[in-house]
Every structure is written in structure tokens, then in C-alpha cells.
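Hello,

Here is the structure you asked to look at. My notes on it follow below.

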Amino acid sequence: MKILVCISKTPDTTSKIAFKNGNTQFEEAGVQWIINPYDEWYAFVRAIELKEKDPATILHLVTVGTPDADPIIRKALALGGDEAIRINATSDDSYFIAAQIAEVAKSGSYDLILTGKETIDYNASSVGGIIAALLDTPFISLATKLELNGTTATVTREIEGGEEVNEVSLPVVISCQKGVAEQRIPNMRGIMAARTKPLKVVEPAAIDSLTKIVSYELPPAKAGVKLVAADNVGELVRLLHEEARVI
Amino acid sequence: MPVLIFADHADGHFKKSSYEALSYGAKLAEQLGTTSDAVVLGTAKEDLSSLGQYGVRKVYHINNASFDTVDAQLYAAAITEAVQKTGADIIIFSHNQTGRAVASVVAAKLKAGIVTGAVALPNTSNGFVVRKTVFSGKAFANVEITSPIKVVSINPNSFSVQSTGGSAEVSPLEITVGTPKVKITAVNKVSGEVPLTEADIVVSGGRGLKGPENWGMLEDLAHSLHAATACSRPVADSGWRPHHEHVGQTGIQVSPNLYIALGISGAIQHLAGVNRSKVIVVINKDPEAPFFKAADYGIVGDIFEIVPKLTEEIKKLKGE
Ligand SMILES: Cc1cc2nc3c(=O)[nH]c(=O)nc-3n(C[C@H](O)[C@H](O)[C@H](O)COP(=O)(O)OP(=O)(O)OC[C@H]3O[C@@H](n4cnc5c(N)ncnc54)[C@H](O)[C@@H]3O)c2cc1C
Ligand SMILES: Nc1ncnc2c1ncn2[C@@H]1O[C@H](COP(=O)(O)O)[C@@H](O)[C@H]1O
């Protein structure tokens, strides 16, 4: 069994979001970087659990990023996994990122490729589907449970208005969300071991980006909360009905 | 070249998100001086010509029961074939669960640039620039699609349904159906409840409710408003409420017209899932709760006293 987990680097969930250079670039000063929570807590932790069940499993991590992604991918290696691959490029374009990962995936012949549901900065929810299309494998989105049984994966996934259980033969690409695994914290031994695990840097394939970010905007500030006295609940209902027109 | 809108349905019935996508695609076509068509997969239980009232000219119907469930690979192959047959160069989806399963696979097959979570019509005055939410609702990005074929999926509840009247020509579309590689062994649809991501109104509870036994008053309020119910993460983690109700950075992202937060402090990770709501009402006994900064209306007070009164007032308003 060979598993590849796609790891992206995102600003910490509490980061202040600001832009520079005429709102064309994200202001990185003072930002703490983390492993995208969907990648870490769900996709990656599930992969570690699967490896614990079947120690013969080979678990690789991949990230598309410049050297500033190294601390993040090293932190991931501290959690588990045998080897990390960093594709030395950066882009906001889902197609570019996915196509780079697909190149690595082709040469690694992985049975299972896991991504997070989405990145918490770009919020595309696209990379997994594109990888699957480029590899011509099935894509299962928004997984909330994942079990392996030989070469079959049993996946529960979120659908419109409910969930559904899928059975699929490997290889497959699965995007993971809450439910797939429980959160866990790396232990010190893992952090020490990570230093000796290989981090391979590969140069990107010649792939065009199909989108580019032109500018950013912050949402207009809220006008401020209108407070209603606790003994005047009827007034809140009136405001919601007559002023906001939402009920 | 025409705009093609994927109009998805649940068990044969169209949903608000489909009407939003149709309205968006039709408006975009108008803006570009072209026409818009819809594609429908699987068995429909409604009159497809009525989709014309949202501005589409033609509805291509791939009427094959293999599409009554969503297999991303088969769906993407079918939609790609429809794109090729109709010559469309812009394809519109809703950014709902089906959209998240299928849109990116279609984009890759067409080598099309994709922007998901669009919140406004593209600016086509110079190129094709789509506004989408980024940083989990904390900002917007204007993203240019530079490829000849373009895929856009729109955020639910971000574009209003525009019904113009009119009727569409319905045309069956024959396509090759691949062999499914995914076997569906069980389907669990939550019945009777309003699905969270589609709800116009969401009533949500936090740790301030103290325990699962107190959710009755929240459900009564939700019921009076035909609202869906949601909760903060610690509430789901403690098993007070099911996990699929957890909203926020690591849970579901919602964008209803009205979000009512009861006993939720408003941590930044919670806000990331709800800050796309049009109107936010916060009821919290702590005047310093951060949620008030993100709210439009608020009451500082005890939810155990206020919520039952609120439900009464709403019933009164609705004449019940
Ligand atoms: C990486 C990361 C991701 C996270 N993702 C999420 C996420 O997706 N979603 C999420 O919700 N959280 C998330 N969290 C947790 C988040 O930081 C907060 O801890 C959580 O949202 C707090 O939940 P709460 O508001 O229900 O509880 P509390 O913070 O305990 O707030 C309870 C509130 O209830 C009020 N209250 C108490 N009693 C009453 C009463 N009788 N009447 C009125 N008000 C009352 C209190 O004043 C208080 O404001 C995440 C955290 C991290 C670190
Ligand atoms: N730069 C990247 N490097 C590696 N994996 C990525 C990268 N960007 C996105 N992914 C993976 O794709 C998933 C979905 O990302 P997105 O489509 O950008 O929302 C993430 O949760 C990651 O698992």
C-alpha cells in the first residue's frame, strides 16, 4: 500500500488578514504558518492510522511550495510518514498545483491519494478533483469516513442533504474532512525522527497556470451591532421583519 | 459561444442553488451577448422547459438513470461531452456538495481554469475576472481566468434568483455512459430537516446552552422560522449535537440570509464559517463576547429567558 497525502501551508486560523502593494499581495509579515487543518487533522492523521494498522504501508507527503514551506512539511514529517516531496514552485492556480502533484503521483504509483476538503486560505476545493482527472482515477469528495480492505476503499462522503457510502477499487483520490480521523499532537520522538527523514525537492514540470489573482479586497466593515434590550424581544423581531427583511 | 449551466437536482427536484446558477449563467450570457443553455443529468420529476424562466434558452437532458446518483467521474465525462457538443466555453456550477465533487474534474478534462465560490458576476470589461471569497470569508480575491474555456462555481446564497418568465426548449442529449468504478452501498438522506447549507435561516447554539438537554428551545425557535440548526465545534466535539451541524473553519461553511447565534462566543474560527451570512443576530449574556463585533443585531442577556420569548414573538408575527 502506497499513500500520498497532499499538504499545503496556510496562515494560522487566527491570523490578521491584510494586503499590500495596492491590494495585490497577501501581507505575510507577522503571520504564523500552519499545515492546512483539513490536510493535517483529517487526511494526514487518517493516513497515519492506516499505516499503524498495516506497517508495510509507505506514506509520502507532497507539497507544492518554495523553500519557505520547508518548516511546514518538516512539521508534518514529525507527525508521521516516511518521506516528503516538495515541488519547488508556487502558484494560486488549482490546475497548476494539481498538475504538479499528478506528475509526482504518476511516477510514484500511489494506491491512495488524500487531500483536505479545501485550503483555508484559497478555499478552492478543487485540487483533489483535478489530480483525479489527470490520473484518470475516481474522485471521492468530502469524505467523513475511510476504511481500507485489501485493494478496496470504503468511504462515507457528504452529498446534498445527507451522506452516502461508496466502495471503490484503488487507486483513488479522496478529499477529507471532519470525521475521517481524530486530531492528535506529535510526540517528541516523532520530532527527533523527522530530522532524519528525507525531504526531496523536485523542480516543477512545465505547466501553465490557468488563473491568476488580480487583486484582493477586504469586506466592507459592519455598520456596528444594533443592540436591543433584553426585555424587548418583540423589537428584535420587528427589526428583523421590517428593517432587515429576513423573516 | 453559449454559457452552459449544470442544473443539479435532488431526486428529480430542482433546488434554490440550481436556480441561482441558472440566473447567474443567463445574466452572464446577456452581459457577453451570447445565449445560455442548461444541462440536466438523470431522471427529472419536474417540467424541464420551466427552467427557461431563469433565462436559459435550451435545456439539454441526459435522461439516463445512471445519473440518479452522483459519481464524479461519470458526471464529469458526461458534462464534458455536453460542453463539446454544445460548443460552450463557460460552464457554471453551484459550489454545493455536488459542485465540489464534479466541477474541478470537468475543469481538468477541458483544461479550463476554474474559480470556485464566486460571489458576483464576472467582470468581463477587460478579460474575465471572477470575485470569490478567500481566507474563509475574511476577504475576497478577484481572480482572472486566462484559459479559453472557463469554469465558475457560485457560492450558495450569493446571487439572487431572477425569474423572467419564459420557457426553454428541451432537447435530449445522447452521450456515452462509462462504467462506474464507484459502487454506492448506502444512502442516508436527512429527512424532514432543512439541510444546513441550503437553509435561508440558521439557528446555532454554543456552549452557552450548557448541555444537549437544552436544545429543545433552540429547535422550537428554528421550527418557528423553518430554519436549519447548527452548533459550534466544542458542542459537536462533546457529542451534544451531531458532527454534521458543526459550523466554522473546520466544519461547514454557511451563508444564509439570517444566522442566529445563541450562547456562542464568536471565536475567529467560528466566524470563518458564518461570516458570509447576510444578517447575523447574536444573543449572549457577555457584552464583551467577540461575536457582537460581527453582528448586525444583538441582545445582551440570558438565552434561557430570551429564546422562548423570541419564539413566541415570531409565532405571533407569523400569525400562528
Ligand atoms: C484550529 C482551530 C479550528 C477551530 N475550528 C472551529 C470551528 O470550525 N468551529 C467552531 O465553532 N470553533 C472552532 N474552533 C474553536 C473556537 O476557537 C472556540 O473555542 C469555539 O468556537 C467556542 O465555542 P462556543 O462559542 O460554543 O463556546 P465558548 O467560547 O465557551 O462560549 C460560550 C458563550 O456562551 C455565553 N453564554 C453562557 N451562558 C449563557 C447564557 N445563559 N445566555 C447567554 N449566553 C451565555 C458565554 O458568554 C460565551 O460567550 C477551532 C479552534 C482551533 C484552534
Ligand atoms: N500547494 C499545495 N501543495 C500540496 N497540496 C495542496 C496545495 N494546495 C492545495 N493542496 C491540497 O488540495 C486540497 C484542496 O485545496 P484547494 O483546492 O486549494 O482548496 C488541500 O486541502 C491540500 O490537501
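**What was found**

Chain A has an accessible surface of about 10,300 Å² (Shrake-Rupley method, 1.4 Å probe; for residues, only the protein chains shown count as cover). Carbon and sulfur atoms hold 51% of that surface.

Some ground rules. This is a predicted model: local features need pLDDT of at least 70, side-chain atom pairs count only at pLDDT 80 or more, and totals for chains, interfaces and linings use all residues. Residues are numbered from 1 along each chain as its sequence is written, chains are lettered from A and ligands numbered from 1 in the order in which they are written, and side-chain values use heavy atoms, with hydrogens and water left out.

Back to chain A. Its C-alpha atoms fill a box of roughly 65 × 45 × 40 Å along the principal axes. It has six helices and 15 strands. These are DSSP runs, numbered from the N terminus: helices are H or I with at least four residues, strands E with at least two. Of the 247 residues in chain A, 57% are buried (under 20% relative accessible area; exposed is over 50%, partly exposed in between; 1.4 Å probe, protein chains only).

One peptide bond in chain A is worth a look. L170(A) and P171(A) are joined in cis, with omega about 0°. P171(A) sits in the loop between β11 (162-169) and β12 (172-176). Most peptide bonds are trans.

Now the interface. In chain A, 77 residues are in contact with 87 residues of chain B (contact means heavy atoms within 4.5 Å). The two chains bury about 7,000 Å² between them, 58% of it from carbon and sulfur atoms. Buried area is the accessible area (1.4 Å probe) that two parts lose on being put together, summed over both. E160(A), K178(A) and K222(A) give 11% of what chain A buries against chain B, more than any other three residues.

Chain B is assigned two domains: domain 1 (3-172) and domain 2 (196-317). The bounds come from an automatic or database domain assignment. Their contact takes eleven residues from domain 1 and 14 residues from domain 2. The centres, over C-alpha atoms, are 31 Å apart. The domains bury about 970 Å² between them, 32% of it on carbon and sulfur atoms. S136(B), K138(B) and N157(B) supply 48% of the area on the domain 1 side, more than any other three residues.

K210(B) has a positive phi, near 75°. H226(B) has one too, near 55°. K210(B) is exposed, at 52% relative accessibility. H226(B) is exposed as well, at 60%.

Best wishes
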